[in-house]
Amino acid sequence: MESCSSLRSFCVTLKPPLLNSVGVFASTHSSWRRKRASFQVSAFSFQKFIHFALNETKRQTQLVPSPLQEKFNSMNSIDGKSELQMLSFQAPKIRLLRSLSIETEAMQVLDFTVFPEPEFDVPIFCANFFATTSTSIVVLDLNPLHDVISQRDYKERYYRSLMPLGLKYAELLPWGGKLTSESLKFFSPIVIWTRFTPSELKNDVLYSAFTDYYKAWLKLIKQAVAETDVSQIMSNREAQHRYLTWRAEKDPGHGILKKLAGETMAKELLRSFLFNGIDELGSRTFLDYFPEYRCEDGTINEKRSIVGKSFENRPWDTRGEFIDKNS
């Protein structure tokens, strides 16, 4: 149960987002700012999350537009009532930093992810937010590149020092309910998976969590030393390709994209933009990685879960140890 006292004691002063020095962002989002008045969630906007991330990244590294930016930048929905805004950048150590934001009269969506180059086994920064006037659904994590349950050294290296941060926000943003065992493999012990009724206080907590998690990720990537062992680089490459393959096929945002952009464009956005790298980092297919999803006719089972097992409560203890109460 959510701790009311924790929320009351949470106090953060949020400054207006800095004027963005990345020209692509400013020009691409000008029309969005003119339309944002149509969506009212206490005047809350996910755009300041993008502002913060780009400015914070630019302070620490040389951030330049990705070649993807030319093709994927802005598009209107099929009905012409909403706009999809896309941004993509790259930098030393960063293969791809990209965001997709959607604004309609009824909802806001932010999908912001940063992928490291294969020479680094640093986790993948992941922020997926969906908000209406009545509900916010949030996934915020440093997605592990390698299995944190079987590879303890990986978990210790990247998450041990971050557990206090994760515990802080796990109390303020409680577990959001059932999460399938298949999806859980791609989350870390500090994942924030939550649902809440939007309020100024909750939105402030979410913004604070995003900024803290992103600064933590930037620190990890700054400290990371490039791998020179070819076999380890290939392992990192395959792990990222497996992650991309799973997300492109089973990402829950597919439904929204299909409704707004149509089936063909939704698939292109998923494969070529949101989870770019599927065609470059490897050749294995979804069924090569996840054969349990193969139907008798050779197609992919559309179910999110084959095992049928889910976790109603957070399956990690305060030390980040996995606890399977369903076993």
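Student: Fine. What am I looking at, and how are residues numbered?

Tutor: This is a predicted model, in which local features need pLDDT of at least 70, side-chain atom pairs count only at pLDDT 80 or more, and totals for chains, interfaces and linings use all residues. Residues are numbered from 1 along each chain as its sequence is written, and side-chain values use heavy atoms, with hydrogens and water left out.

Student: How many helices and strands are in the chain?

Tutor: The chain has 13 helices and 10 strands. These are DSSP runs numbered from the N terminus, with helices (H or I) of at least four residues and strands (E) of at least two.

Student: And what share of the residues is buried?

Tutor: Of the 327 residues in the chain, 54% are buried. Buried means under 20% relative accessible area, exposed over 50%, and partly exposed in between (1.4 Å probe, protein chains only).

Student: Helices next. How do H4 and H8 cross?

Tutor: The axes of H4 (residues 47–60) and H8 come within 11 Å and cross at roughly 25°. Therefore H4 is roughly parallel to H8. Axes are lines fitted to C-alpha atoms, for helices over the stretch in contact, and angles run from 0 to 180 degrees between N-to-C directions. Angles under 35 degrees count as roughly parallel, over 145 as roughly antiparallel, 65 to 115 as roughly perpendicular, and the rest as oblique.

Student: Which residues of H4 and H8 make the contact?

Tutor: On H4 they include Phe49, Phe52 and Ala53, and on H8 they include Leu206, Phe210 and Leu218. Contact means heavy atoms within 4.5 Å. By class, the contact of H4 with H8 has eight nonpolar, three polar and four charged residues. Ala, Val, Leu, Ile, Met, Phe, Trp, Tyr, Cys and Pro count as nonpolar, Asp, Glu, Lys and Arg as charged, and the others, Gly among them, as polar.

Student: What about H6 against H8?

Tutor: The axes of H6 (residues 163–172) and H8 (residues 200–223) come within 11 Å, crossing at roughly 165°. So H6 is roughly antiparallel to H8. From H6 the contact takes Leu165, Gly166, Lys168, Tyr169 and Leu172, and among those from H8 are Lys202, Val205 and Tyr213. The residues of this contact of H6 with H8 divide into seven nonpolar, two polar and three charged.

Student: Where does Lys93 lie?

Tutor: Lys93 is in the loop between strand E3 (83–91) and strand E4 (94–103). Its phi is near 80°, a positive value in a residue other than glycine. Lys93 counts as partly exposed, because its relative accessibility is 25%.

Student: One more pair. At what angle do H10 and H11 cross?

Tutor: Roughly 130°, with the axes of H10 (residues 254–261) and H11 (residues 263–274) coming within 7 Å. That angle is why H10 is oblique to H11. In the contact, His254, Leu257, Lys258 and Ala261 of H10 meet H11 residues including Met265, Leu269 and Leu270. By class, the contact of H10 with H11 has seven nonpolar, one polar and three charged residues.
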